[in-house]
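Please keep the sequence and the coordinates at hand while reading.

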Amino acid sequence: MPEKTKLIYWIKYIFKKFKKKINITIRVVSIKEIKNLNQKYRGKNTPTNILSFPFINHPYKKSLLIGNLIICNKIMQIEAKKQRKEINEHWAHIIIHGGLHLMGYNHIKNKEANTMENLEIKILKKMGYKNPYIK
């Protein structure tokens, strides 16, 4: 698993780009727990690498908390090995991907997916990482 300082750097980098001061919670969980959460909240009975849960602010209460990222380290390791990626590079990508979800980006429709992926690629490139979508 990446060092805490790396996680903080990746999070700060993405939200600095959007000039947002934020707080998020990152939880690292087992395959069993992420599978259960994916089933409960997305109706998918499979494990996944990350789940993003945006926090909806009450209109009369100011909060910097924008949401939670739930990540499965074991899935991240399996994916990085399978995709022949350096583990920190994969983590950076998935943290940025999840962070964009917390800010309202999505990839359900092709146009949304292209916008989100291009933004991920651009941010990762500025951080010195390769395009995660090139095999």
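In which helix is the place of Y9? In this predicted model, Y9 belongs to helix α1, which is made up of residues 4-17. With a relative accessibility of 41%, Y9 counts as partly exposed, because that value falls between the 20% under which a residue is called buried and the 50% over which it is called exposed. Along the chain Y9 is 83 residues away from A92, yet the C-alpha atoms of the two are separated by 9.3 Å.

Helix α3 covers residues 73-82, and its buried residues are N73, I75, M76, E79 and A80. Viewed down the axis of α3, these buried residues fall within an arc of 155 degrees, and they therefore line one face of the helix. The partners against which the buried residues of α3 pack are β1 (23-29), α2 (31-42), β3 (65-72) and α4. On the face of α3 that is turned away from this buried side, the exposed residues K81 and K82 are found.

One of those partners, α4, comprises residues 87-102, and it packs with α3 at an angle of about 120 degrees, the two axes lying 9 Å apart. Because angles of 65 to 115 degrees count as roughly perpendicular and those over 145 as roughly antiparallel, α3 and α4 are oblique to each other. Their crossing is right-handed. On the α3 side the contact is formed by N73, M76, Q77, E79 and A80, which meet I87, H90, W91 and I94 in α4. Sorted by class, this contact has five nonpolar residues, three polar ones and one charged residue.

Between α3 and α4 there is a loop, and R84 is found in it. R84 has a positive phi of about 55 degrees although it is not a glycine, and with a relative accessible area of 78% R84 is exposed.

What lies in the loop between α4 and α5? Y105 has its place there, and its relative accessible area of 26% makes it partly exposed, the limit for a buried residue being under 20%. Y105 and K122 are 17 residues apart in sequence, while the distance between their C-alpha atoms is 15 Å.

Notes
Residues numbered from 1 in each chain as written. Predicted model: local features only at pLDDT ≥ 70, side-chain atom pairs only at ≥ 80, totals over all residues. Heavy atoms only, no water. Axes fitted to C-alpha atoms, helices over the stretch in contact; angles between N-to-C directions. Helix = DSSP H or I, 4+ residues; strand = E, 2+ residues; numbered from the N terminus. Parallel < 35°, antiparallel > 145°, perpendicular 65-115°, else oblique. Left-handed = near helix turned anticlockwise from the far one by under 90°. Contact = heavy atoms within 4.5 Å. Nonpolar A, V, L, I, M, F, W, Y, C, P; charged D, E, K, R; others polar. Buried < 20%, exposed > 50% of the residue type's maximum accessible area, 1.4 Å probe, protein only. Arc of directions from axis to C-beta.
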